Amino acid sequence: MTISALGINHKTAPVDLRERVAFSTEQLDTALQAIRQLQGVDEAVIVSTCNRTEIYCQGKVSGDLLLGWLSGFHGLAPDALQQHHYVYQDRQAISHLMSVASGLDSLVLGEPQILGQVKQAYQLAKRQTAVGGILERLFQQTFRVAKTVRNETEVGQNAVSVAYAAVSLAKHIFAKLNQSRVLLIGAGDTSELVAQHLQQQGVADITVANRTLQRAAELAQKIGGKAHSLAELGELLPQADIVVSSTASTLPIVGKGSIESALKKRRHRPMLLIDLAVPRDIEEQVNELDDAYLYTVDDLQNIISENIKNREQAARQAQVIIQQQSEEFGDWLKSLNSVGLIRDYRGQTQQIAQQQLQKAQQLLAQGKPAEDVLQLLAHRLTQQLTHQPTQLIKAAGEHNDQNSLALLQQLLTRENGGVNENNNEE
């Protein structure tokens with residue numbers, strides 16, 4: 001039994017190449033059918049995200065064959081991926097999948113979205129009947145490992161992006177963040193990310209102010225918020241408990257005077273201001289006001305740097321869990337190699353026993369004494385069951401095959417121990 005993993009990701013390939021080997025949802029159905037036609041592929045799951053494309057297979061298949069198939073499917077030259085791919089087998093492949101699902105191999109360490117993406121890939125492959133007993137067990141154990149990593153380590157805790165750090169900061173300051181009113185100044189990508197994180201925390205009252213009202217309206221529609229122009233800041237600031245600003249302005253657009261005026265209208269209820277812009281959107285002098293709490297990108301970066309260290313420490317703890325679980329799965333996988341041999345051996349001994357039992361029954365039917373029949377049965381069983389092992393021992397001795405002799409000696413020792421143990425129980 002062999003498990004293989006072939007892929008490219010954000011560590012090994014530039015984004016333009018990752019885009020060229022990514023699978024759309026429509027392509028995945030065809031791809032799963034096609035890859036199972038490859039010689040040696042018994043089961044397959046394809047994980048395809050913006051940062052990685054990975055193929056997990058069960059069966060006897062080479063990495064070169066998988067690489068050639070991946071290149072050909074996307075119409076790339078055979079050597080286009082040669083310097084950008086990786087191949088893992090068995091325990092390395094198992095460990096890699098568990099690391100991916102746990103967020104340890106992500107662009108942002110510990111991010112939780114990848115687990116959902118791996119689950120979707122597995123479900124799609126299952127619907128296509130591309131998953132059998134081996135990958136079924138592997139992916140189910142992987143999902144359990146990812147859950148354990150989440151519950152027993154802090155790899156997914158602490159903000160490591162500016163947008164998420166801003167919301168985490170607000171959450172620490174406002175105990176009931178979901179009841180807070182938020183003003184976003186700017187309607188770019190960063191503001192949209194902040195809005196998404198706020199919604200995840202249950203914040204419903206979000207206002208977007210932007211130089212271009214149309215862009216503010218587009219973002220407001222996505223998040224169920226309200227749109228205004230920057231000209232209305234004077235009316236909007238007093239209503240906001242939290243202000244997050246991220247524009248491309250070269251000069252500050254929120255001054256000390258406007259915040260001072262807003263605080264008077266708020267009867268000095270505190271305001272949290274987070275300036276994510278470079279250059280800054282909010283005048284530094286705002287910090288001089290008693291009820292205004294201003295944080296800049298530099299402040300958040302210090303928080304992020306500390307949080308990254310915490311996640312890296314948690315990742316080391318997670319790797320211990322993954323190593324233990326991947327070894328456990330690897331041992332189970334290895335045990336499958338002996339299943340057929342054990343089945344054949346037991347079947348052969350049962351056949352011998354049945355044949356000798358029938359002969360004994362015939363002798364009893366002929367009137368032979370039961371004691372004599374039992375002694376003959378025991379003798380014949382002993383002769384037949386020890387014949388082949390005896391020949392193997394003789395051959396190993398003649399060829400000085402110490403490994404085989406040691407294995408046979410270990411087998412005999414265990415069998416004798418079992419007999420003694422059974423006698424003691426009797």
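This briefing describes aromatic ring contacts in the structure above.

The model is predicted, so that local features need pLDDT of at least 70 and side-chain atom pairs count only at pLDDT 80 or more, while totals for chains, interfaces and linings use all residues. Residues are numbered from 1 along each chain as its sequence is written, and side-chain values use heavy atoms, with hydrogens and water left out. The structure holds nine aromatic pairs, where rings of Phe, Tyr and Trp (its six-membered ring) pair if their centres lie within 6.5 Å, and planes under 30 degrees apart count as stacked, over 60 as edge-to-face and the rest as tilted.

**Pair in helix α3**
- Trp-69 and Phe-73 form a tilted pair, with 5.3 Å from centre to centre and 35° between the planes.
- Both residues lie in helix α3 (residues 63–73), four residues apart, about one turn of the helix; helices are DSSP runs (H or I, at least four residues) numbered from the N terminus.
- Trp-69 counts as buried because its relative accessibility is 11%, whereas Phe-73, at 27%, counts as partly exposed (buried is under 20% relative accessible area, exposed over 50%, partly exposed in between, with a 1.4 Å probe and protein chains only).

**Pair in helix α12**
- Phe-329 and Trp-332 form a tilted pair, 5.3 Å centre to centre with 50° between the planes.
- Helix α12 (residues 297–335) holds both Phe-329 and Trp-332, three residues apart, about one turn of the helix.
- Phe-329 is buried, because its relative accessible area is 1%.

**Cluster and charge**
- Tyr-56, Tyr-122, Phe-139 and Phe-143 form one aromatic cluster.
- The charged end of Lys-119 sits over the ring of Phe-143, 5.6 Å from its centre, a term that requires NZ of Lys or CZ of Arg within 6 Å of the ring centre and within 35 degrees of the ring normal.

Terms used: Helices (H or I, at least four residues) and strands (E, at least two) are DSSP runs, numbered from the N terminus.
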